[in-house]
Amino acid sequence: MMKAKLIPFLRFFIPFSVFLFGLQFVLVNYFLETDLYYSTVSIYAFHVIATLLIYLFLIYVHNTFNDKTGFAFMGSSLLKMLAAVLFLLPMMLSDVANPFQDMIAFFVPYFLFLIFETVYAVRLINIK
């Protein structure tokens, strides 16, 4: 049952993640040629792991407590925001010359992954 819900998610999640990673990697390293506090690899490792864990948790909740999936999504999104703040805390506490670039490099993919999570969470909730 879990595999039937996870495979369609991964079929779109993996190419989505690889495309966004490649795009940001090329932009940061070849066009902008800027040094960011966090590497593109670490930023995307955070996003991919967080999104995958959240979706696995949502599948589990959907299979065990079908009517609580929406609440689980809201709670996990809140925890993801807390994890994002904790992830960015060392950068915010250091003397980074231009923190705006670092924040943009983190939060643009953050919101793109959040949109992706939301679409799949809604699909999961709407399964009868």
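In this predicted model, the axes of helix 1 and helix 4 come within 12 Å and cross at roughly 165 degrees. Angles over 145 degrees count as roughly antiparallel, and helix 1 and helix 4 are therefore roughly antiparallel to each other. Their crossing is right-handed. On the helix 1 side, the contact is made by K5, P8, F9, F12, F13, F16, S17, L20 and Q24. These residues meet A105, P109, L112, F113, F116, Y120 and L124 of helix 4. By class, the contact of helix 1 with helix 4 divides into 13 nonpolar, 2 polar and 1 charged residues.

The chain as a whole contains 4 helices and 0 strands. Read from the N terminus, its elements follow the order α-α-α-α. Along the principal axes, the C-alpha atoms occupy a box of roughly 50 × 30 × 15 Å.

Helix 4 also packs against helix 3, at an angle of about 165 degrees and with the two axes 12 Å apart. Helix 3 and helix 4 are therefore roughly antiparallel to each other. Helix 3 passes helix 4 in a right-handed crossing. The residues of this contact comprise 17 nonpolar, 4 polar and 3 charged.

Helix 3, which spans residues 69-93, has a further crossing with helix 2, residues 40-64. Here the axes come within 10 Å and the crossing angle is roughly 160 degrees. That makes helix 2 roughly antiparallel to helix 3. The crossing of helix 2 with helix 3 is right-handed. Helix 2 contributes S42, I43, F46, A50, T51, I54, F57, L58, V61 and H62 to the contact, while helix 3 contributes T69, A72, F73, S76, K80, A83, A84 and F87. The class count for this contact is 12 nonpolar, 5 polar and 1 charged residues.

The geometry and class counts of these contacts are set out below.

| Helix 1 and helix 4 | within 12 Å | roughly 165 degrees | 13 nonpolar, 2 polar, 1 charged |

The remaining topic is the largest pocket. About 260 Å³ of space lies in this pocket. Its lining consists of 15 residues, and Q24, L27, V28, I104 and A105 are those nearest its centre. Helix 1 (2-31) and helix 4 (99-125) each supply at least two residues of the lining. Helix 4 provides the largest share, 6 residues. By class, the lining of the largest pocket has 12 nonpolar, 3 polar and no charged residues.

Two of the residues nearest the pocket centre, Q24 and A105, also take part in the contact between helix 1 and helix 4, Q24 from helix 1 and A105 from helix 4.

How values were computed
Residues numbered from 1 in each chain as written. Predicted model: local features only at pLDDT ≥ 70, side-chain atom pairs only at ≥ 80, totals over all residues. Heavy atoms only, no water. Axes fitted to C-alpha atoms, helices over the stretch in contact; angles between N-to-C directions. Parallel < 35°, antiparallel > 145°, perpendicular 65-115°, else oblique. Left-handed = near helix turned anticlockwise from the far one by under 90°. Contact = heavy atoms within 4.5 Å. Nonpolar A, V, L, I, M, F, W, Y, C, P; charged D, E, K, R; others polar. 1 Å grid on protein atoms, 1.4 Å probe; cavity = no way out; pocket = protein on both sides within 12 Å on 5 of 7 lines; lining within 4 Å. Points joined across faces, edges and corners; volume = space filled by probe spheres on them.
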